[in-house]
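Subject: Structure handover

Hello,

Here is the structure I said I would pass on. My notes on it follow below.

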Amino acid sequence: MSTKTTYINELEKFENQQATLKGWVYNKREGKSLVFIILRDGTGTCQCIVNQQDVNESVWNAATSLTQESSIIITGKVVEDERSANGYEMHVSDLQVVQIAQDYPITPKDHGIEFLMENRHLWLRSQRQWAIMRVRNEIIYAIHKFFQDRGFIQMDAPIFTGNAVEGTSTLFETNYFDEKAYLTQSGQLYGEAMAMAHGKIYTFGPTFRAEKSKTRRHLTEFWMIEPEVAFNDLDMNMSLAEEMMAFVIDRVLTRRVAELAMLDRDTTYLEKARKHGYPRITYTEAIDILTSDKMRLLLEEMETTRREEEPVLKTEMAEIEKEHGQAKKGRKLQIEKRLKEIRARLDEIEEDLRNIPVWRKSALEKQWGDDLGGSDETLLTMQFDTPIMVYGYPAEIKAFYMKRDPQNDKVALGVDMLAPEGYGEIIGGGQREESLQVLLDRIEEHQLPVEAFKWYLDLRKFGSVPHSGFGLGLERTVAWICGLKHVRETIPFPRMLGRLYP
RNA sequence: UCCUCGGUAGCUCAAUGGCAGAGCAUGCGGCUGUUAACCGCAGGGUUGCUGGUUCGAGUCCAGCCCGGGGAGCCA
């Protein structure tokens, strides 16, 4: 294996020269005297052509024996060819088999989600998943770059914690040398301590929630980025959040064009979000929007368009089903694909029609003091075409450490960033309470064990300052930027209800 | 925990209560600078599990298991 390796993403440098590629057979098509190998090497894919006349018998036999995902080392001349998908292909002169793969389960055909999740370790090799992981990587890199360029220090909060941070959500309990310990649900409180040491910090790590959520937005293990800044108030916090988000989106749009194209991502909304200046609306304004006549009309319109769409789709379905019988092979595949799309859309419409009355009730009957649910967030974001920031929530529904508005004790200085296109909350944060006495009162009100927060209260005894921060959900951000239906595709090995393998 | 939809060949799906099928994948043969290639032949099944109704159950009923979507909770 001492041969110098060339990577597929740098093939243009080797035009009309010999090169050696090492990788896996993504797909193979075979003719009488030609074998077409689609090779993938992690950087991309390249078609390699083995012509029986150009190679000796053992190379030809090796080429014809290849199966999907067999590993090979392949040498040949790199040539430009417009018949090739990425402009270049390889005319093979030598081919060495590293291993012949047996019955690779993920064929280049359709598969259901259950099967794909069971084969997640292999699914990661598929093109869409490959593109998603590269966007995820770009997002991670951009986040680090944004904070590092601004003098933030990355620090790590512990994963084992002795107490539940907010006392609200369900945590994973572990046995820590015969003592109860929980997997962290947030690094925030520790982030505050670290910000008092370094001024501007951010954490970047996994967090865990044991809630039995079965939705497209939830994982039990997910990655969160939590900046915390001393002397920042709520407004400065919101500016930081939107500048970061705009920076990340700009980087992805600039550097991951090919991957977004592979994902068929319509970038209209992303383009609008690459510059900051997102709308900031108060919780009170959000309630007004949700209970407005305009919202009533919007909901009616949603229901009407879905009711009208249904018969149109059913007619199309009947027509192409009729055509299917005598259709040729290629057309048959097209029809089957379209039928699948129609069935999925019809299921969606049915579900929406069931849900719209619930959404309507939730939105139109919303009263000041109620929390905003997932459907409320979606309806709110439909009024805008960039992310929005909703701030100034009722203090009662927020955590004990959140600072209250000095002008209005009922309002907490919290902020959520909601992504457009139905993706909902991607950031939650706010200004923290810096007064020792107020915090002591809140801890008592929330009936939390004051001993557990002794160190946290120390931060208010020794040079307490106003400070703010937020938590960014990495997987939700990836899902939105890639335009994915579910967060399970945004992380290599998702952990969710009932999923611990692979 | 609750609501809702589903589980049939390795995969994707079809089958009025009446002989369990198709396409893909696999194997063999043919054809072609092929693009999810194509054509022919072949092998491949405990219809999620347990029980019930019935002359007869993939289909109907009950319970359980597993999965999809949603509520709550949140990033």
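Why is helix H15 (residues 474-482) largely enclosed by the rest of the structure? Nine of its nine residues are buried, so the rest of the structure largely encloses H15. Here a residue is buried if 20 or more other C-beta atoms lie within 10 Å of its own, exposed if 12 or fewer, and partly exposed in between, with C-beta atoms placed from the backbone. The buried residues of H15 are Leu474, Glu475, Arg476, Thr477, Val478, Ala479, Trp480, Ile481 and Cys482. Just after H15, Gly483 has a positive phi of about 70 degrees.

Some housekeeping. This is a predicted model, in which local features need pLDDT of at least 70 and side-chain atom pairs count only at pLDDT 80 or more, while totals for chains, interfaces and linings use all residues. Residues are numbered from 1 along each chain as its sequence is written, and chains are lettered from A and ligands numbered from 1 in the order in which they are written.

Overall

Chain A has 15 helices and 17 strands; helices (H or I, at least four residues) and strands (E, at least two) are DSSP runs, numbered from the N terminus. The C-alpha trace of chain A spans about 85 × 60 × 45 Å along its principal axes. Of the 502 residues in chain A, 32% are buried. Two residues count as in contact if their C-beta atoms, placed from the backbone, lie within 7 Å. Among contacts in chain A between residues at least 6 apart in sequence, 69% join residues at least 24 apart.

Strands are called paired if DSSP finds at least two bridges between them. Strand S12 (residues 280-282) pairs with S13 in the parallel sense over three bridges, and Thr282 has Tyr391 in S13 as its bridge partner. Strand S13 (residues 388-394) has six of its seven residues buried, so the rest of the structure largely encloses it. S13 also pairs with S15, in the antiparallel sense and over six bridges; there the bridge partner of Pro394 is Val411.

Strand S15 (residues 408-419) runs antiparallel to S16, and six bridges join them. Gly414 has Gly430 in S16 as its bridge partner. The hairpin of S15 and S16 has four residues between the strands, and Glu421 takes a positive phi near 60 degrees in it. In strand S16 (residues 424-432), eight of the nine residues are buried, so S16 is also largely enclosed by the rest of the structure. S16 is joined in turn to strand S17 (residues 467-473) by six bridges, antiparallel, with Ile427 opposite Leu472 in S17.

Nonpolar cores

A nonpolar core here is a set of buried Ala, Val, Leu, Ile, Met, Phe, Trp, Tyr and Cys residues joined through C-beta atoms within 7 Å. The largest has 73 residues, of which Ile139, Ala241, Val248, Met389, Val390 and Ile481 touch the most other members. Helix H6 (residues 234-255) supplies the largest share of this core, nine residues. At least three residues come from each of domain 2 (120-291 + 366-489) and domain 3 (294-363), with bounds from an automatic or database domain assignment. Another core, of 23 residues, lies apart from it and has Leu11, Ala19, Leu21 and Cys46 among its members.

Not counting residues up to four places away in sequence, Met389 touches Met238, Ala241, Glu242, Tyr278, Arg280, Val415 and Met417.

Ala230

Ala230 lies in strand S11 (residues 221-230) and is buried, with 20 other C-beta atoms within 10 Å. Leaving aside neighbours within four places in sequence, Ala230 is in contact with Ala195, Met196, Gly199, Val465 and His467.

A three-stranded sheet

S7, S9 and S8 form an open sheet in the order S7-S9-S8, with antiparallel pairing. Strand S7 (160-161) and strand S8 (173-176) stand at the edges with a single partner strand each, so one side of each has no neighbour in the sheet. S8 pairs with strand S9 (residues 179-183) over four bridges, and Glu173 has Tyr182 in S9 as its bridge partner.

RNA strand B

RNA strand B is surrounded by 63 residues, the closest being Gly31, Gly112, Gly373, Gly473 and Gly498. A residue is near the strand if its C-beta atom, placed from the backbone, lies within 6 Å of it. The residues of this surface divide into 16 nonpolar, 24 polar and 23 charged.

Regards

Key. Ala, Val, Leu, Ile, Met, Phe, Trp, Tyr, Cys and Pro count as nonpolar, Asp, Glu, Lys and Arg as charged, and the others, Gly among them, as polar.
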